[in-house]
Amino acid sequence: MNDVIFEAIGVSKQFGPPQGILGRAAVAMGLGSAPKRLQAVNDVTLTIRQGEVLGLVGESGCGKSTFGRIAAGILPPSDGKVQVRAGDGVADDTREIHKTVQMVFQNPYGSLNPRMRVDQLLSEGAVYHGLVNRKDTTEFVAQLLLQVGLDASYAARYPHQFSGGQRQRIAIARALALEPSLVVCDEAVSALDVSIQAQVLNLFQHLREQRNLAYLFISHNLAVVEYLADRVAIMYLGRVVEVAPAEALFARPNHPYTRALIADAPRIEAKPVSYRPIKGEMPSPLNVPSGCPFHPRCPQAMAVCKQVRPDMVEVDAGHLSACHLNAPGAGTQ
Ligand SMILES: Nc1ncnc2c1ncn2[C@@H]1O[C@H](COP(=O)(O)OP(=O)(O)OP(=O)(O)O)[C@@H](O)[C@H]1O
Ligand code: SF4
Ligand SMILES: [Mg+2]
């Protein structure tokens, strides 16, 4: 796996009632129809290298958080698997995934147990995983707080005694406590004031440099993704439809969905900008369109798009896109 520390291989997730043997038999006998299952994530294959930041972008409901939770071992996939580097090999068991991948959520208040003091919040996982002795936790917690820019004296406080930005720093410290190689940040700065966002983003950058940390960075904010990410994956209705180095993706987006998403959006400007709403509603993941799932909204859709799902093809070095327009002779872009 060389410097690859994380790999998702054909990961899918469906929600809804599973169809047991009796259900399948009833459908086969014409005694009922199969209950619909919601396809939240569909056959996603992605790798992340040590120290790399992979941005994950797509409209609301496209499956980003579901994929993030699967990546962090919080949610089991329905199909496919996640594996992480472990020693000289790879491992796909939940314990090893939890040690390697940690998650920081949008709402730090919701993710921190309000009845636990900061020192308990920061040390319980590390003690459980044998990374620190119980008698050494005071120094351990003090070091973690310092690393995220907080005073060691905060160890005795409770989450409600902090501001939103400070709470997010505590959530980051808790993630770091297990010495992960990868942190999944799910809209981790979205709920913060713009000035606090910049400070927390700087902290992410700093920790990355200091610890060679990798991030799966899920965000609605294109400016933030462009600032932080080395590569960006674009998700639509549970599938990754384009993945490319960040610079190439923003300068030369290939997929019509990516182009619609970032078209003319001012970026790296004073104000962070979310992507624009795209014409037409995103179809329900309960009824994913046939062929290319973007075809009902795509201005360049062709007859083949309704029938055949396009494969991911490399359109440039490290730049993959799933669109029939890339087939030889399919027309100019
Ligand atoms: N536990 C669940 N049970 C049933 N459906 C779920 C569950 N979690 C997510 N979903 C559905 O799966 C789809 C993907 O949801 P997800 O939260 O992953 O999207 P998202 O891209 O993170 O959206 P947002 O940008 O709004 O956070 C949505 O249709 C959502 O309603
Ligand atoms: S495959 Fe067809 S419908 Fe899908 S994005 Fe490409 S041109 Fe549009
Ligand atoms: Mg989400």
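## Helix H7

A residue counts as buried if 20 or more other C-beta atoms lie within 10 Å of its own. In this predicted model, helix H7 has 10 buried residues out of 13, which leaves the helix mostly covered. The buried residues are Arg167, Gln168, Arg169, Ile170, Ala171, Ile172, Ala173, Arg174, Ala175 and Leu176. Among the elements that cover them are the strands S6 and S7. Helices contribute to the cover too, including H4 (108–111), H5 (118–128), H6 (137–147) and H8 (194–211).

The length of H7 can be checked against its residue count. With 1.5 Å a residue, its 13 residues should span 18 Å, and the C-alpha atoms at its ends are 18 Å apart, so the two values agree. H7 covers residues 164–176 and lies across S6 and strand S7 (182–186). The helix runs at about 170 degrees to S6.

## The open sheet

S6 and S7 also belong to an open sheet of 8 strands, ordered S6-S7-S8-S3-S9-S10-S12-S11. The pairing in this sheet is mixed. Strand S6 (101–104) and strand S11 (313–316) are the edge strands; each has a single partner strand, so one side of each has no neighbour in the sheet. From one strand to the next, the twist averages 25 degrees.

One pairing within the sheet is that of strand S9 (residues 231–236) with strand S10 (residues 239–245). These two strands run antiparallel and are joined by 6 bridges. In one of the pairs, Ala233 has Val243 of S10 as its bridge partner.

## The shell around ligand 1

The residues around ligand 1 include Phe15, Leu38, Ala40 and Pro285. The shell also holds Gly58, Ser60, Gly61, Cys62, Gly63, Lys64, Ser65 and Thr66. Strand S2 (38–49) and helix H2 (64–71) are the elements that each give two or more residues to this shell. The largest share, 3 residues, comes from H2.

Sorted by class, the residues around ligand 1 are 5 nonpolar, 6 polar and 1 charged.

## The shell around ligand 2

Ligand 2 has 14 residues around it. Those that come nearest are Cys292, His295, Cys298, Cys305 and Cys323.

The class count for this shell is 10 nonpolar and 4 polar residues, with no charged residues. The shell around ligand 1, by contrast, has 1 charged residue.

Note on methods: Residues numbered from 1 in each chain as written. Chains lettered and ligands numbered in written order. Predicted model: local features only at pLDDT ≥ 70, side-chain atom pairs only at ≥ 80, totals over all residues. Near = placed C-beta within 6 Å. Nonpolar A, V, L, I, M, F, W, Y, C, P; charged D, E, K, R; others polar. Pairing = 2+ DSSP bridges. Helix = DSSP H or I, 4+ residues; strand = E, 2+ residues; numbered from the N terminus. Axes fitted to C-alpha atoms, helices over the stretch in contact; angles between N-to-C directions. Contact = placed C-beta atoms within 7 Å. Expected span 1.5 Å × (residues − 1). Buried ≥ 20, exposed ≤ 12 C-beta atoms within 10 Å, placed from the backbone.
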